[in-house]
Amino acid sequence: MSFCSLAFDTSNYTTSVAVCQSGRIIENRKQPVTVKKGNRGIRQSDAVFAHTVNLAAMLESMHEYAFDCIGVSIKPRDVQGSYMPCFLPGFACAKTAAGVLGIPLYEFSHQRGHIAAALYAVNRLDLYEQKFIAFHLSGGTTEMLLCDRGSITKIGGTLDISAGQLLDRTGVKLGFSFPCGAMIDHAALEQGKAKVSISLKNNECFCNLSGVENQVDDLMRKGCDAGIISRFVLMNIQCAVENMLQAAQKEYGALPVLFSGGVSASQVLCEYFSSHYDALFPDAAFSLDNAAGIAILAVKEHYGNIKS
């Protein structure tokens with residue numbers, strides 16, 4: 001049996017549309033929302049406008065598919081009160097399309113989509129019916145999650161700024177273009193194994209990253225190289241994540257570990273956690289914001305499983 005889903009995800013910085021057909025992602029269209037040089041983010045009203053403009057162009061040629069269902073992300077996370085206006089354009093478009101086509105609409109969180117996309121990319125959708133630990137590292141979220149047969153429980157994370165915010169704020173100070181994660185990663189890799197100080201002391205499931213940003217300011221006043229500063233930031237994020245993971249393993253045992261979210265596209269983090277903890281990392285196409293995971297979840301919700 002052939003089946004097909006259409007999905008929408010309008011996160012703060014990316015407009016995404018995806019198609020899942022017979023268990024495979026065959027369309028994964030993305031359009032970044034432009035952020036003016038020197039800015040560290042964008043207003044929600046500007047994001048809503050950008051998504052509204054982007055969606056019309058991204059849906060071109062979609063008439064060739066026979067959709068059975070539609071999926072959409074409607075909020076950032078699976079918790080009460082989770083809300084951002086940027087998800088409204090995607091929801092409006094999805095609801096309209098479902099009504100016109102007369103097919104079911106399934107609603108999910110952006111975070112749940114990230115996890116599903118990562119599982120698809122590493123060919124481990126089977127984990128969705130098991131228990132595992134997932135890290136959602138992005139510009140808006142740095143959380144450690146216990147995933148158990150579809151349920152998601154936050155068991156760790158940052159208590160102040162996210163890892164993505166730390167990377168972007170550092171990158172903007174260094175003159176990099178927003179979003180800055182890829183440039184920070186590249187600059188850090190050029191430093192090889194250069195030693196940098198680790199300031200984080202957390203040994204539990206939660207930590208603070210704002211102190212690292214303060215130390216970045218000190219390093220810049222001292223005239224430190226951009227590569228050293230980039231490596232300093234990534235090594236501290238790595239330390240924070242490792243401390244969280246070790247604390248979780250003491251509590252829950254050696255469960256499979258999955259990384260998702262834009263920060264997970266870091267080669268520095270991928271090389272370390274895949275070699276030391278056998279962690280699963282999706283490629284950038286499925287770690288950065290995308291609608292692919294929502295498309296997969298829509299099929300799963302509609303048919304009860306993912307078939308190929």
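Strand β6 (residues 131-137) and strand β7 (residues 142-148) run antiparallel and pair over seven bridges. Start there in this predicted model. I133 stands opposite L146 of β7. Strands of a sheet pair through backbone hydrogen bonds, and the pairing is either parallel or antiparallel.

Now widen the view. β6 and β7 belong to an open sheet of five strands, in the order β9-β8-β7-β6-β10. Its pairing is mixed. Which strands stand at the edges? They are β9 (206-207) and β10 (257-260). Each has a single partner strand, so one side of each is left without a neighbour in the sheet.

Helices cover this sheet. Helix α3 (residues 110-121) packs on the sheet and touches β6, β7, β8 (151-158) and β10. The direction of α3 makes about 115 degrees with that of β10. Helix α7 lies across β6, β7, β8, β9 and β10. It runs at about 160 degrees to β6.

Follow α7 to a helix partner. Two packed helices are described by the angle between their axes and the distance between the axes. Helix α6 (residues 210-221) and helix α7 (residues 226-252) pack at an angle of about 165 degrees. Their axes are 10 Å apart. Why do α6 and α7 count as roughly antiparallel? Because an angle over 145 degrees counts as roughly antiparallel, and α6 and α7 pack at about 165 degrees. The crossing of α6 and α7 is right-handed. On the α6 side, the contact is made by V212, Q215, V216, L219 and M220. On the α7 side, I229, F232, V233 and N236 take part. Seven residues of this contact are nonpolar, two are polar and none is charged.

Next, go back to α3. The axes of α3 and helix α10 (residues 292-303) come within 7 Å and cross at roughly 90 degrees. That makes α3 roughly perpendicular to α10. From α3, the contact uses R112, G113, A116, A117 and Y120. From α10, it uses G293, I294, I296 and L297. By class, this contact of α3 with α10 has six nonpolar, two polar and one charged residues.

Turn to another sheet. This open sheet has five strands in the order β3-β2-β1-β4-β5, with mixed pairing. The edge strands are β3 and β5, and each pairs on one side only. On average, neighbouring strands of this sheet are turned by 20 degrees against each other, direction ignored.

The sheet holds both kinds of pairing. β2 and β3 are antiparallel, with eight bridges. T14 has P32 of β3 as its bridge partner. Helix α1 (residues 44-58) packs on the sheet and touches β1 (4-10), β2 and β3. The direction of α1 makes about 35 degrees with that of β2. Strand β4 (residues 69-75) and strand β5 (residues 105-109) pair in the parallel sense over five bridges. Y106 in β5 is the bridge partner of G71. How does the chain get from β4 to β5? It crosses through helix α2 (residues 88-101), and this β-α-β crossover is right-handed.

Finish with two details in loops. S22 lies in the loop between β2 (14-21) and β3 (24-32). Phi of S22 is near 50 degrees, a positive value in a residue other than glycine. P179 has its place in the loop between α4 (163-173) and α5 (181-189). The peptide bond from F178 to P179 is cis, with omega near -5 degrees.

Key
Residues are numbered from 1 along each chain as its sequence is written. This is a predicted model: local features need pLDDT of at least 70, side-chain atom pairs count only at pLDDT 80 or more; totals for chains, interfaces and linings use all residues. Side-chain values use heavy atoms; hydrogens and water are left out. Axes are lines fitted to C-alpha atoms, for helices over the stretch in contact, and angles run from 0 to 180 degrees between N-to-C directions. Helices (H or I, at least four residues) and strands (E, at least two) are DSSP runs, numbered from the N terminus. Angles under 35 degrees count as roughly parallel, over 145 as roughly antiparallel, 65 to 115 as roughly perpendicular and the rest as oblique. A crossing is left-handed if the near helix is turned anticlockwise from the far one by less than a right angle, and right-handed if clockwise. Contact means heavy atoms within 4.5 Å. Ala, Val, Leu, Ile, Met, Phe, Trp, Tyr, Cys and Pro count as nonpolar, Asp, Glu, Lys and Arg as charged, and the others, Gly among them, as polar. Two strands pair if DSSP finds at least two bridges between them. A crossover is right-handed if, with the strands pointing away from the viewer, the path from the first strand over the helix to the second runs clockwise.
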